[in-house]
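Subject: Structure handover

Hello,

Here is the structure I promised to pass on. Please open it alongside this email and follow along as you read.

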Amino acid sequence: MATSQHRPADPALIDDLVAANRILAREGVVDGFGHVSVRHDSAAGVFLLARSMAPGLVAVADIMEFALDGEPFGDDRRTAYVERFIHSEIYRALPEVHAVVHSHSPALIPFGVTAAKLRPIYHMSSFLGRDVPVFEIRDTGGDATDMLIRTPELGAALARSLGDATVALMRGHGNVVVGRSLPEVVFRAIYTEANARLQSDALRLGEGRITYLSDGEAAASMTTNAGVLTRAWELWRAAALGKSG
Ligand SMILES: [Zn+2]
């Protein structure tokens with residue numbers, strides 16, 4: 001068990017993490033399962049994640065602190081998510097990542113189990129890039145796992161698969177989305193799911209032929225979206241916390 005030697009997290013960051021949980025539930029990215037975490041604002045080796053519970057019910061008192069070995073700090077004995085090693089190993093491997101979403105959002109599942117490649121079909125998902133990696137758990141865990149990231153070893157393999165991408169699909173399971181902040185990771189998780197739905201529709205309508213964003217269009221759109229991210233975040237946050245009037 002890790003010993004706590006850092007300052008408490010900024011209460012505003014904890015509030016945002018609660019909001020992120022509620023938003024992702026409202027938007028259909030997570031249901032009873034899935035989770036979102038954020039790196040501590042002043043201790044890079046610490047991250048915040050709710051105790052094991054449905055994201056739509058998370059409140060401030062449910063937020064726990066974890067070290068990068070995936071274990072909780074101090075004498076916190078509440079039940080933690082089995083798959084917390086997704087978060088711990090991504091934070092360990094990728095210093096620029098400050099927020100992580102893991103979900104089983106349904107429209108992405110077909111892209112993890114077929115040869116169809118998830119690609120940006122419109123400007124809202126320009127962050128997807130050209131090659132969304134697919135994590136194959138059999139390469140590390142063999143062919144009889146329960147598909148869950150139950151160990152640091154599996155989490156580290158997933159982080160390697162993600163590399164510098166923003167999204168990795170997890171074959172037969174779900175996906176992981178990363179960002180530099182909670183608003184960014186929530187935006188990406190919502191629009192990754194939307195892109196998958198629209199891409200599946202377009203594949204059927206267009207008999208398999210789609211005009212995707214070019215690399216140049218994707219790059220320009222990412223810059224534009226970064227500037228307007230807070231507009232969507234404020235709307236989602238107000239609705240999720242019941243402050244939409
Ligand atoms: Zn999972």
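**The sheet**

Start with V100, whose bridge partner in β7 is V178. Keep in mind that this is a predicted model.

Four bridges join β1 (residues 35-39) to β4, and the two strands run antiparallel. Between β4 and β7 there are five bridges, again in the antiparallel sense. Another position to look at there is H102, which stands opposite V176 in β7.

Now step back to the whole sheet. It is open, has seven strands and shows mixed pairing. The order is β3-β2-β1-β4-β7-β6-β5. Which strands are at the edges? They are β3 (63-67) and β5, each of which pairs on one side only.

Strand β2 (residues 46-50) runs antiparallel to β1, joined by three bridges. There, R39 has F47 in β2 as its bridge partner. On the other pairing, β6 and β7 are antiparallel and share four bridges. M170 stands opposite G174 in β7. The hairpin of β6 and β7 has three residues between the strands, and G172 in this hairpin takes a positive phi near 70°.

**Buried strands**

Is β4 enclosed or open to the outside? Five of the five residues of β4 (residues 99-103) are buried, so the strand is largely enclosed by the rest of the structure. Both of its faces are covered. A99, V101 and S103 are buried on one side, with V100 and H102 buried on the other.

**Helix α6 and its neighbours**

Helix α6 packs on the sheet. It touches β1, β4, β6 and β7, and its direction makes about 145° with that of β7.

Helix α6 also meets another helix. Two packed helices are described by the angle between their axes and the distance between the axes. The axes of α1 (residues 11-26) and α6 (residues 182-205) come within 10 Å and cross at roughly 5°. Angles under 35 degrees count as roughly parallel. α1 and α6 are therefore roughly parallel to each other.

Which residues make this contact? From α1 come L13, D16, L17, A20, I23 and L24. From α6 come L182, V186, A189 and I190. By class, the contact has nine nonpolar residues, no polar ones and one charged residue.

**Aromatic rings**

How many aromatic pairs does a search of the whole structure find? It finds seven. Take F187 and Y191: their ring centres are 4.8 Å apart and their planes are at 50°, so the pair is tilted. These two are four residues apart in α6, which means they are separated by about one helical turn. Both F187 and Y191 are buried.

Y191 also pairs with W236. That pair is tilted too, with 6.2 Å centre to centre and 45° between the planes. Y191 lies in α6 and W236 in α7 (residues 215-240), so the pair ties together parts that are 45 residues apart in sequence.

Buried means under 20% relative accessible area. Y191 has 18%, so it counts as buried. W236 is at 9% relative accessibility, so it is buried as well.

Y122, F127, F187, Y191 and W236 form one aromatic cluster.

In helix α5 (residues 152-162), L154, G155, A156, A157, L158, A159 and L162 are buried. What covers them? The cover includes α2 (84-93), β5 (134-135), α4 (138-141), β6 (167-170) and β7 (174-179). Just after α5, G163 takes a positive phi of about 55°.

Last, find M147 in the loop between α4 and α5. M147 has a positive phi of about 80°, although it is not a glycine. Its relative accessibility is 22%, so M147 counts as partly exposed.

Best wishes

Technical notes:
Residues are numbered from 1 along each chain as its sequence is written. This is a predicted model: local features need pLDDT of at least 70, side-chain atom pairs count only at pLDDT 80 or more; totals for chains, interfaces and linings use all residues. Side-chain values use heavy atoms; hydrogens and water are left out. Axes are lines fitted to C-alpha atoms, for helices over the stretch in contact, and angles run from 0 to 180 degrees between N-to-C directions. Angles under 35 degrees count as roughly parallel, over 145 as roughly antiparallel, 65 to 115 as roughly perpendicular and the rest as oblique. Contact means heavy atoms within 4.5 Å. Ala, Val, Leu, Ile, Met, Phe, Trp, Tyr, Cys and Pro count as nonpolar, Asp, Glu, Lys and Arg as charged, and the others, Gly among them, as polar. Rings of Phe, Tyr and Trp (its six-membered ring) pair if their centres lie within 6.5 Å; planes under 30 degrees apart count as stacked, over 60 as edge-to-face and the rest as tilted. Buried means under 20% relative accessible area, exposed over 50%, partly exposed in between (1.4 Å probe, protein chains only). Two strands pair if DSSP finds at least two bridges between them.
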